[in-house]
Structures are given as structure tokens and as C-alpha cells.
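Try each task before you read its solution.

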Amino acid sequence: MSSILFIALPLLFGFATPILSKFGKNGVAYTSMLMQLFLLSLAVSLLMTTSSYVELISIVPPLGISFVLNSASLFFVLLFTLLMTLFSLYYLIHRKTDAYKDETKFFILLNMLLASAIGLVLSSDIFNIYVFFEIAGISAYILSAYKKTPSALEAGLKYLLTGAVASVFLVFAIALIYINIG
Amino acid sequence: MSVKKISLKRELPTTTLSGFALSGLLVLTILNILLQNMPTKIQTAGDSLLKLNATEGVANTVTTVVVFFRGFDTLGEIAVLFIASLGIGLMLHSNTKCNIKVESNFMLQTASIILFPIILLFGTYVMIYGHLSPGGGFQGGVIIASGVLLLLISHKTFEVPHSVIVALETFAGVSYVLIGLIGLLILDVFLGNFLPHDISQMGLLLSGGIIPFIYIIVGIKVGSEMSMIVQNLIKRDHDV
Amino acid sequence: MFEFLNQPEVIKIIVTLGSMLLFFVGLFGLLTRKHIIKTFISIAIMESAVFLLFIGLTFKIDFVAPILDSTHTEVATMNDPIPHAMILTAIVIGMAVLALGVSFAIEYFKLTGKTDIDEMNEMRH
């Protein structure tokens with residue numbers, strides 16, 4: 001069991017949602033809950049072994065992308081999966097009385113946020129960190145403007161303006177690092 | 001008797017001047033930093049990746065870097081496009097049937113019907129030959145979406161059906177992650193190259209293992225998502 | 001007569017000055033304009049300036065494009081392919097964020113009719 005599954009499984013769930021929504025009204029919600037419970041148990045089982053190992057993507061780390069899973073990042077992975085599982089549980093309990101309108105999109109956004117937050121913590125390549133930062137940012141912009149009331153839209157608009165300027169300066173910094181060091 | 005308010009500020013645009021000063025200060029600082037250490041030829045990471053390109057057997061090295069050496073960044077970028085089109089569909093979706101208010105000229109209508117298959121063919125060519133000449137999935141997908149835009153603004157009741165776009169998008173996205181997971185099973189590396197890639201086949205259409213397939217999948221996904229974004233931005237209730 | 005312009009140092013100085021001027025124009029527009037769509041356009045101008053700077057400063061003179069075919073087969077005189085890959089990704093991400101921002105502004109205008117960022121204070125009451 002490698003550590004890529006923490007990132008690949010929520011992404012697969014997000015892309016395959018129109019297939020899963022054909023299993024009835026409750027298909028998407030319960031599949032998301034099962035997947036998050038599986039990830040939580042994977043993280044807890046990784047807590048038992050005490051070695052730190054490195055997962056590669058294509059080639060050796062100075063030239064390619066690698067994911068590092070030592071005890072510091074395992075703490076964050078455990079924290080994120082635990083919080084997301086509790087949040088999904090809370091939503092499933094209150095679903096009969098207070099459901100959102102477009103539920104499938106809500107679950108897609110939640111899982112994308114989880115995948116990108118875990119990817120931020122695990123990755124060790126600076127451009128990869130920028131890409132995951134953008135995924136987390138853009139799903140948070142939409143989640144903050146989900147109900148289409150005027151105050152929610154204004155909050156999402158101001159958050160997006162600040163985040164877009166920040167990402168311009170981030171790309172500038174990465175460009176300067178690459179030009180001077182390589 | 002009404003009281004007239006007299007403004008006590010001088011006739012000086014303060015916000016404009018302060019914006020001028022602040023931005024000028026920032027730019028001068030950055031310019032100073034850049035002009036002081038201008039590096040001459042250093043050995044960057046790209047030169048070593050160019051030498052490693054020979055093991056993959058693909059003619060276009062930029063394609064190898066985008067798809068294979070940095071495949072995770074491409075996956076993340078596809079996720080960003082997916083979430084953005086989801087958000088725009090959430091905000092602006094409406095079921096009207098009318099694109100534009102004014103009927104356009106007959107010349108525009110006839111010419112756009114003739115041009116649309118040519119644009120589609122050109123976009124597919126750029127997409128499929130992405131690993132042999134400059135181009136690739138992103139460029140080809142945007143060309144296809146611009147063809148759809150041309151038809152949308154010249155005809156009054158044209159629309160791409162919603163189920164077709166959702167089916168294409170789902171197929172492309174799921175197969176990208178599944179190819180990566182199959183690479184994890186076979187070669188123990190996520191997005192590993194598990195089809196044969198000899199260097200003797202450089203320049204042919206089927207060279208380079210899984211790289212042309214991934215780029216075609218990326219092109220299908222980008223084309224369908226940009227079409228959905230453009231269609232949502234044009235078809236709105238016209239009381240705004 | 002203009003042979004001194006062909007050296008790498010002079011070209012790098014010209015590229016830096018030009019893209020910094022564009023960045024300055026975008027930053028000035030972002031700080032002083034009040035309409036929400038004008039701020040989005042200024043952010044797009046700033047992004048273009050950053051991409052120009054990135055490509056312009058990693059370009060080696062008299063080297064060819066990094067594509068192998070029957071006439072160019074050696075690797076030692078080719079340009080760097082990594083900035084191209086990074087800029088492709090960054091262009092798409094920047095465009096996606098701006099498209100989302102424009103759709104938020106359209107929906108907000110449809111609901112309340114305000115486009116001035118000084119008057120958007122729904123969260124205060």
C-alpha cells in the first residue's frame with residue numbers, strides 16, 4: 001500500500017461521480033463516506049509501522065517528483081482524514097432535514113479539498129506544491145459561495161481576488177528561483 | 001433654505017497618486033534585485049532531463065516533460081479545470097434556448113457552418129501529433145472549443161447537449177487516473193510507462209509508450225470542459 | 001551598426017525592463033480602479049508579464065527549439081524544456097481562476113446590481 005492512494009482515490013471519486021449518481025439518491029454520499037473511512041484506517045495502520053519511506057513518481061528525487069511520508073507528515077495526514085470523516089458523518093446525520101440543493105457537487109468539492117490538502121503536505125517539489133495550493137484554493141472559493149445569497153457571493157468574490165493576486169506572486173517567486181538556481 | 005456641502009479637500013487625486021507611488025516602489029525593488037545578479041550559463045535541471053529523454057523515445061521533449069516527468073502537475077491542472085467548470089455551471093446554469101437576441105447576418109451563418117469541420121479537424125490533428133511536433137492536448141482542446149464558440153455566437157438556437165459533454169469528461173478523467181493506477185500495479189511507480197517504447201521508433205505515430213494516449217485523453221477533457229464553460233457563459237437569462 | 005544589441009546581457013536587460021513595465025501597468029490598474037471587472041483584467045495583465053519574464057530570461061541565444069527530428073539530432077545545443085512545461089500549467093490555472101471570478105461577479109450583479117467594490121458591504125449588516 002503506497003502513499004499515492006491518499007491522493008489518487010479522492011480524485012478518482014471526484015471524476016467518477018456521474019457514474020455513481022446512477023445508483024440512486026444515496027449512492028454518492030455513502031460511497032464518499034466509505035472511501036474516507038478506508039483512508040482513515042490506512043492512515044492508522046501506517047501509524048503502527050515505524051519506518052519512514054520515500055515514494056517515487058518517475059525518476060530519482062533531484063530531477064523528478066517524490067512524495068515523502070515520515071512521522072511529521074503522517075501526523076497531518078491523520079488529522080486531515082479524521083476531520084473529513086467527522087464532517088461527512090455530521091452531514092449524513094443532518095441530511096434528512098437540512099440537505100443542500102446540489103449534493104453531488106458538494107461531495108466532489110469536499111473530496112478535492114481533502115486530496116489537495118494531503119498532497120500539499122506529502123509532496124517535496126516546489127511546483128507541485130503550487131499546483132496543489134491552487135486546487136485547494138479554488139475548491140475553497142466555490143465552497144464559500146455555495147449558497148447563492150448576496151453576502152455569500154461577496155465573501156467568495158473578495159476571497160478570490162486576494163487568492164488570485166497571491167498566486168501571481170507565487171509564480172513570480174518560483175520563476176526567480178528557477179532562473180537563479182536551476 | 002438648503003445647505004450646500006462644500007468639499008474641503010484640495011483638487012488632488014490622492015488615491016491615484018498613492019497607487020502610483022506604491023506600485024512604482026515595488027517594481028523598482030524587483031528590478032534592482034533582478035539586474036544585480038543576472039546569471040550567465042549555468043547547468044540547469046532541464047539539461048539533464050534532455051539527456052534522459054533518449055530512454056523514452058519521443059521526438060518532442062516538451063511533451064515528455066509535461067506528461068511523463070511531471071505527470072502529476074498535469075493531473076493537478078486537469079483537476080483545477082474540472083472544478084472551475086463545475087463552479088461556473090453551479091453559478092450560471094440556466095435552461096434557456098436562445099443564445100443571442102439579434103439574428104446575425106446570413107454570411108456569418110453560412111461561413112460558420114463551412115468553417116466548423118475544418119477547425120475541428122485542425123484541432124484533432126494538433127492533438128494527435130502532439131508528441132512529434134509542437135502542440136499537444138491543451139492546444140488542441142482549446143482549438144476545438146473555439147470552433148464551438150463560433151457556432152454558438154452565430155446561430156440562435158445551437159447547443160451542445162449536456163449529457164454528451166458529461167459523458168466525454170467522465171470517460172477521460174476516469175481513464176487518466178486508471179492508467180496511473182495500472183502503472184502502479186505493474187511497474188510499482190505511479191504513471192509508469194508500461195507499453196513498449198523503443199528509441200528506434202522515434203518519429204512514428206505509435207512511439208513512446210503511453211505518452212500519446214495520455215495526451216489524447218487530456219485533449220478530450222480540456223476541449224469538452226472549455227466548451228461547457230463557454231456555453232454556460234453565453235446561455236443566460238437575458239434580463240441582465 | 002546595431003551589433004552590440006545581440007549580446008546576451010543586453011537582451012536580458014531589455015526583456016527585464018519590458019516585462020517589468022507591463023507588470024507595473026497591471027499593478028497600478030489593480031490598486032486604483034474600483035470596478036470589479038477592471039481588477040480582473042489587471043490581474044490577467046500581471047500574469048502575462050510574469051510569463052514573459054520567465055521565458056525571456058531562460059532563453060539561450062543561437063540554440064534551437066527542443067524538438068528532435070532528422071535534421072537536429074544532438075541534444076547539447078537545445079533550449080530548456082522545463083520552463084515551457086511549467087508555463088503551460090500556470091497559464092491554464094490562471095485562466096480557470098479568472099473565469100470563476102467573472103462568473104461570481106456576474107451572479108452578484110444579477111442579485112444586487114452593484115459593481116463598485118467600495119459599495120459591496122453586504123457583510124456589514
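**Exercise 1: Chain A**

In this predicted model, buried residues account for 40% of the 182 residues of chain A.

Task: Work out how many helices and strands chain A has, and in what order its elements run.

Solution: Start with the count: chain A holds seven helices and two strands. Next, read from the N terminus, where the order is α-α-α-β-β-α-α-α-α. Finally, turn to contacts with a separation of 6 or more: in chain A, 63% of them join residues 24 or more positions apart.

**Exercise 2: Where chain B meets chain C**

Task: Find which element of chain B gives the most residues to the side that touches chain C.

Solution: First, size up the contact, which takes 42 residues from chain B and 35 residues from chain C. Then list the elements of chain B that give two or more residues to this side: helix H1 (14–36), helix H2 (45–52), helix H3 (61–69) and helix H4 (71–92). H1(B) gives the most, with 13 residues.

**Exercise 3: Where chain C meets chain A**

Task: Describe the side of chain C that touches chain A by its elements and its residue types.

Solution: Begin with the totals: 27 residues come from chain C and 24 residues from chain A. On the chain C side, helix H2 (36–57) and helix H3 (82–112) are the elements that give two or more residues. Of these, H3(C) gives the most, with 15 residues. By type, the chain C side splits into 19 nonpolar, five polar and three charged residues.

Methods: Residues are numbered from 1 along each chain as its sequence is written. Chains are lettered from A and ligands numbered from 1 in the order in which they are written. This is a predicted model: local features need pLDDT of at least 70, side-chain atom pairs count only at pLDDT 80 or more; totals for chains, interfaces and linings use all residues. Two residues are in contact if their C-beta atoms, placed from the backbone, lie within 7 Å. Helices (H or I, at least four residues) and strands (E, at least two) are DSSP runs, numbered from the N terminus. A residue is buried if 20 or more other C-beta atoms lie within 10 Å of its own, exposed if 12 or fewer, and partly exposed in between; C-beta atoms are placed from the backbone. Ala, Val, Leu, Ile, Met, Phe, Trp, Tyr, Cys and Pro count as nonpolar, Asp, Glu, Lys and Arg as charged, and the others, Gly among them, as polar.
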